Amino acid sequence: MTELAERARRDFEIRVRMKAELDAEQRAAISPERRAALGLTEEHFRQAEEHLGMMQALDRERLEQGINYFSTFSLDILEAFLTDLNQGGPFAKAHSLDSRIGTAGFIPQSHQHGLQGFLATYRHYYVDERYIRDYLTFRPADPKIIRLTWEALGLKAPTGLTETADRLHSGAKIGRLLLVSQALHSTQYEYATRNLETTGYSRGDEIEERTRHLRWMSPGFAKYILKRNPDDQALARKLTGRRKDLFSLTLEGVSEERFLRMLAFFTSTAYPGW
């Protein structure tokens with residue numbers, strides 16, 4: 001944990017320095033005439049620097065809280081995370097964590113939160129240490145499916161999908177559930193966004209508006225997949241029948257052809273480890 005904490009703090013300080021250098025360059029590039037026209041005074045710059053300092057102090061505090069929380073994780077989780085990070089493994093790649101981050105001489109991408117941002121916000125986005133183990137066990141295409149499946153199966157810490165696979169079901173069944181749910185989501189997502197004409201930030205907002213209501217995992221759906229283990233064709237027929245509220249899921253744009261095509265794609269690219 002010591003190495004991880006030091007790298008995260010180093011990552012943060014590098015970003016602080018990069019921000020200061022960028023601000024200085026931008027400030028120097030503004031001519032006196034342009035400053036006067038914009039009403040930019042020395043007091044304006046002083047207040048901006050003071051506000052930035054306050055925000056960075058808050059970010060530093062959040063980082064330390066994240067480090068303290070991460071330090072409560074079990075040794076096997078910490079070792080798995082650090083090994084994956086150092087090797088540029090699947091978890092690191094999926095979460096935009098460069099293996100060189102926080103090491104001497106490495107300049108991070110300013111638009112990414114990096115290691116310091118990951119540790120500072122981990123508890124908010126991923127809840128607890130189960131997430132790391134479950135991701136490395138199943139490596140789903142969309143990490144959000146892990147928390148949704150916890151909720152659907154009623155799993156509480158410290159029990160995650162990995163433990164559930166070992167005790168109640170199997171890795172293959174849990175993996176199949178994740179694949180089917182991901183295919184269902186992607187089928188609807190593709191349908192909802194295929195005719196977008198907007199670009200830039202507006203495009204992102206429109207995608208969010210069109211897809212935020214999609215439901216692609218539920219307790220009833222999870223129970224059906226795990227207990228009945230339907231084959232692809234039977235599942236496609238089930239999801240495209242008359243009941244549009246089946247399992248409390250959304251089924252917008254879900255035809256047999258679209259769903260089977262998406263399921264075949266995710267199955268062909270799935271992690272084979274389980």
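Does F266 count as buried or exposed, and at what relative accessibility? F266 counts as buried, at 10% relative accessibility. Buried means under 20% relative accessible area, exposed over 50%, and partly exposed in between, with a 1.4 Å probe and protein chains only.

1. Basis. The model is predicted: local features need pLDDT of at least 70, side-chain atom pairs count only at pLDDT 80 or more, and totals for chains, interfaces and linings use all residues. Residues are numbered from 1 along each chain as its sequence is written, and side-chain values use heavy atoms, without hydrogens and water.

2. Helix pair. Helix α1 spans residues 2-28 and helix α3 residues 42-70; their axes come within 11 Å and cross at roughly 165°. The two are therefore roughly antiparallel (angles over 145 degrees). The axes are lines fitted to C-alpha atoms over the stretch in contact, with angles from 0 to 180 degrees between N-to-C directions.

3. Helix contact. On α1 the contact includes L4, F12 and R27; on α3, F45, L63 and F70 are among the residues. Contact means heavy atoms within 4.5 Å.

4. Aromatic pairs. The structure holds 21. Rings of Phe, Tyr and Trp (its six-membered ring) pair if their centres lie within 6.5 Å; planes under 30 degrees apart are stacked, over 60 edge-to-face, the rest tilted. F70 and F73 are tilted, at 4.6 Å centre to centre and 40° between planes. Both are buried.

5. F265 and F266. Their ring centres are 5.2 Å apart and the planes at 70°, so this pair is edge-to-face. F265 is partly exposed, at 46% relative accessible area.

Note on methods:
Helices (H or I, at least four residues) and strands (E, at least two) are DSSP runs, numbered from the N terminus. Angles under 35 degrees count as roughly parallel, over 145 as roughly antiparallel, 65 to 115 as roughly perpendicular and the rest as oblique.
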